[in-house]
Amino acid sequence: MIDPVKLNDMIDSSPIMQDFADIESSKLPEYQVDSKIPEGPIAEKWTNYKAHQKLVNPANKRHLDIIVVGTGLAGASAASTLGEMGFNVLNFCIQDSPRRAHSIAAQGGINAAKNYQNDGDSIYRLFYDTVKGGDFRSREANVYRLAEVANNIIDQCVEQGVPFAREYGGLLANRSFGGAQVSRTFYAKGQTGQQLLLGAYASLNRQIQKGTVRSFVRREMLDVVIIDGRARGIIVRNLVTGEIERYAAHAVVLATGGYGRAFFLSTNAMGCNGSAAVQAFKKGAYLANLAFTQIHPTCIPVHGEDQSKLTLMSESLRNDGRIWVPKKKEDAEAIRAGKKKPTDIPDEDRDFYLERRYPAFGNLCPRDIASRAAKERCDAGYGVGTGNAVYLDFKYAIERLGEDVVRDRYGNLFDMYQMISDDNPYETPMMIFPASHYTMGGIWVDYELQTSIKGLFAIGECNFSDHGANRLGASALMQGLADGYFVLPYTMQNYLSDQIKVPRFSTDTPEFDKAEKDVRDRIAKLMAIKGTKSPDEIHKRLGHVMWNLVGMGRTLQGLVKAISEIDEVRKEFYSDLRIVGSADDLNTELEKALRLEDFLVIAKMMAIDALNRNESCGAHFREEYQTADGEAARRDDLYMYVSCWKWTGDDSKPILIKEPLHYEAIKVQTRNYKS
Amino acid sequence: MEKTISVNLKIWRQRGPKEKGSFVNYHLDNVSTGSSFLEMLDMLNQHLVEQGEEPVVFDNDCREGICGMCSLYINGHPHGPVQGITTCQLHMRKFEDGATIVIEPWRSAAFPVIRDLIVDRSAFDKIQQAGGYVSFNCGGAPDANATPISKEIADVAMDSATCIGCGACVAACKNGSAMLFVSAKVSQFALLPQGQVERKRRARAMVAKMDELGFGNCTNTGACAAECPKSIPLSNIARLNREFIKAKCSD
């Protein structure tokens with residue numbers, strides 16, 4: 001066995017990575033990225049951009065077509081806003097209605113720097129907290145813009161009739177989320193994502209009624225069509241009829257969410273997938289920072305092998321709930337054996353490990369830290385339930401506030417918990433454990449949210465942009481809506497300004513013919529395998545590999561093993577997959593198989609990215625790199641860059657392209673949530 | 001503690017909208033009572049696929065009761081026998097060992113069956129497109145705190161806005177009426193100051209679209225509210241009636 005530290009030094013100087021990536025090509029000058037960050041001081045960059053960008057006049061807008069794939073917060077807000085501006089928008093989703101996109105399940109809230117609570121909040125502080133929360137691996141200029149437009153989002157949503165929670169005086173209420181010392185989170189009960197999405201859906205409906213947006217439901221994108229180096233259309237499969245359809249446009253926007261279901265079990269919806277990202281990847285778009293996947297600390301633990309998904313318990317619960325495990329191992333053992341109940345453990349024998357380790361932020365430390373701390377306690381033998389669970393206890397909140405106040409704040413979440421676990425959280429503490437929840441990594445985009453393919457944009461969770469190595473709670477809704485309402489509608493005009501002479505074109509071109517043929521061949525190839533395993537069975541196997549080896553704690557050996565195991569799963573997929581039914585028909589098994597094929601690509605890239613990043617930062621925790629007290633140890637001298645990956649072929653090695661990160665407005669330091 | 005049970009399933013299977021459907025019987029052993037209802041159907045489908053048969057198809061997505069995608073008429077109740085939850089939140093511990101469970105799609109003229117348990121609910125989108133919004137373009141909104149709204153009003157609007165658009169109300173109604181669905185959206189905006197300008201137009205347009213799409217009339221049986229997984233109250237329908245009459249009187 002080689003000393004892991006030595007091995008890592010070898011990777012830094014690249015011998016091991018040569019097995020997995022094309023190191024030589026990486027050094028070529030053509031593999032540079034231009035992030036197009038505007039000139040000027042950070043607070044003026046976006047203003048400068050908007051002042052100098054090119055525009056499209058109203059008469060020309062209606063001659064320009066834009067495809068938006070996805071109807072979550074990012075997709076619906078972008079489609080409706082582009083429609084309001086007068087563009088001709090084609091909007092696609094895989095569900096039966098745009099209102100069902102998984103943004104709907106976001107519970108806790110949305111951040112903005114309104115400083116309504118007079119607690120010292122500001123745009124700079126929201127920007128700072130987000131960059132720090134992301135462990136200094138995000139692009140400074142993007143994050144500042146995000147913080148800058150966050151306030152507009154709240155104004156916009158209130159005007160749409162989103163019923164945010166209010167105080168008795170009639171003004172908006174706020175609560176606190178992890179990684180912040182101010183109360184800046186706006187919310188609508190535990191259903192903030194639902195209300196924001198329904199707001200965007202309503203705006204979208206208004207444009208559909210007006211005819212500026214055409215909505216295509218139950219359609220899944222299977223390829224992006226490139227003509228003369230620009231994204232000009234998509235190929236989709238009609239999920240009801242099985243027909244393959246073509247759509248052309250002047251620009252294509254991907255708003256297709258994250259790839260968290262690479263772990264099989266996650267808090268994502270069953271249909272969530274990373275397929276659009278893989279299709280873009282194979283056409284030349286870079287995928288970035290794929291190792292940065294968020295494991296959310298407060299989910300209901302796994303109950304058994306037949307489980308299909310995990311349910312999140314909102315981070316807002318950490319405002320009033322206290323997280324603990326028994327101090328004594330024998331108590332933990334007795335609880336696991338069913339001989340003791342949590343309520344039998346006196347306060348002095350409870351280890352409130354987050355409050356102990358991170359006194360300044362306590363139970364509200366960021367998600368990556370809370371997740372790892374839970375895993376650390378469980379690995380050390382203090383876990384409860386099956387051993388992989390900790391307590392989230394409301395006893396203290398009920399004593400302090402009364403049961404009615406707790407019910408008013410969290411009633412629907414408590415009901416949801418009781419439904420699933422059959423335990424009453426008013427009487428006994430909740431059991432929680434971390435689960436895959438969100439992916440910070442994704443399609444690489446520049447400041448304009450354009451990918452490395454001209455005319456192909458990526459917004460919301462499916463891009464990599466704003467959260468660095470870890471996303472703070474209540475920031476996903478903020479980013480999705482910032483991209484869709486306030487950023488893309490501007491940058492899109494800058495792109496389309498020189499496209500006004502390009503006439504609306506037909507889909508009868510050789511490029512569309514080839515893309516459709518490729519899709520048909522791909523489907524035929526999968527249908528012809530006629531093996532014995534269902535897509536779900538193989539997906540579960542992939543999920544086990546990813547959770548065990550590319551999950552919360554990663555090691556060099558583990559990642560090397562993960563890559564070879566993913567290759568094994570891939571072999572099984574191509575040799576033993578069984579898809580019943582026909583391809584020219586409604587076929588949910590085929591849908592799953594196509595998504596799984598893409599997950600296999602993403603999963604391997606996640607492992608390669610994690611292997612390349614020989615440091616711990618945010619949610620990416622390489623066990624070799626930790627401080628004496630178990631905190632993530634970054635290596636800014638070597639890894640302060642965005643790792644962008646370029647696809648070179650199914651069986652050849654990807655090329656790593658580095659986008660260096662520069663911090664001018666923020667002093668880079670070690671994250672500290674202790675004091 | 002969780003245990004395992006056996007269940008007998010009677011499931012509606014139908015190839016397409018125009019084809020004749022029928023109940024098919026299945027037996028399933030070793031179902032953990034900790035599993036959700038849809039996980040039980042996943043198990044059934046896994047068995048069917050292993051035998052080379054096509055799985056029973058059903059709409060589902062978030063599996064935590066909020067997206068509104070899942071449906072299913074279970075033992076005569078939309079979203080099953082437990083009140084206030086969606087099908088995906090129903091757990092097998094609510095069923096006895098050896099129980100017979102009858103599973104059907106939503107049955108309503110306005111929701112044609114696509115295949116097996118999947119129906120076409122696009123009529124709901126069309127009703128929302130007719131007026132379920134505040135006509136306001138992005139950009140230029142006043143400060144969010146410029147118009148105070150009392151907590152009581154905001155809370156009632158929030159309760160109406162909680163509708164997930166699943167269609168259980170229509171499925172539960174003997175007339176196939178969409179009044180609860182429409183009234184929830186009309187109420188949300190009728191209560192809030194932002195919705196005032198288009199209040200009348202909205203009530204008229206949404207009701208007209210609902211009628212046009214073949215939903216039945218409301219006879220106040222209250223089945224919709226009783227079966228609603230989000231417990232949207234019947235008072236919304238009363239409010240919609242007032243809104244509609246006021247709008248008509250001003251014509």
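A:R219 stands opposite A:N238 in β7(A). In this predicted model, local features need pLDDT of at least 70 and side-chain atom pairs count only at pLDDT 80 or more, while totals for chains, interfaces and linings use all residues. Residues are numbered from 1 along each chain as its sequence is written, and chains are lettered from A and ligands numbered from 1 in the order in which they are written.

β6(A) and β7 (residues 230-238) of chain A pair in the antiparallel sense over eight bridges. Strands count as paired if DSSP finds at least two bridges between them. Helices (H or I, at least four residues) and strands (E, at least two) are DSSP runs, numbered from the N terminus. Both strands belong to an open, antiparallel sheet of three strands in the order β6-β7-β8 (chain A). Its edge strands, each pairing on one side only, are β6 (219-227) and β8 (244-248) of chain A. On average, neighbouring strands of this sheet are turned by 25 degrees against each other, direction ignored; the axes are lines fitted to C-alpha atoms.

Two residues other than glycine have a positive phi, A:K189 and B:H79.

The contact between the chains takes 64 residues from chain B and 61 residues from chain A. Two residues are in contact if their C-beta atoms, placed from the backbone, lie within 7 Å. On the side of chain B that touches chain A, the largest share, six residues, comes from α1(B). The residues of this side divide into 28 nonpolar, 22 polar and 14 charged. Ala, Val, Leu, Ile, Met, Phe, Trp, Tyr, Cys and Pro count as nonpolar, Asp, Glu, Lys and Arg as charged, and the others, Gly among them, as polar.

Chain B is divided into domain 1 (4-104) and domain 2 (121-137 + 144-249), with bounds from an automatic or database domain assignment. Their centres, taken over C-alpha atoms, are separated by 30 Å. Twelve residues from domain 1 of chain B and ten residues from domain 2 of chain B make up the contact between them.

Methods: Axes are lines fitted to C-alpha atoms, for helices over the stretch in contact, and angles run from 0 to 180 degrees between N-to-C directions.
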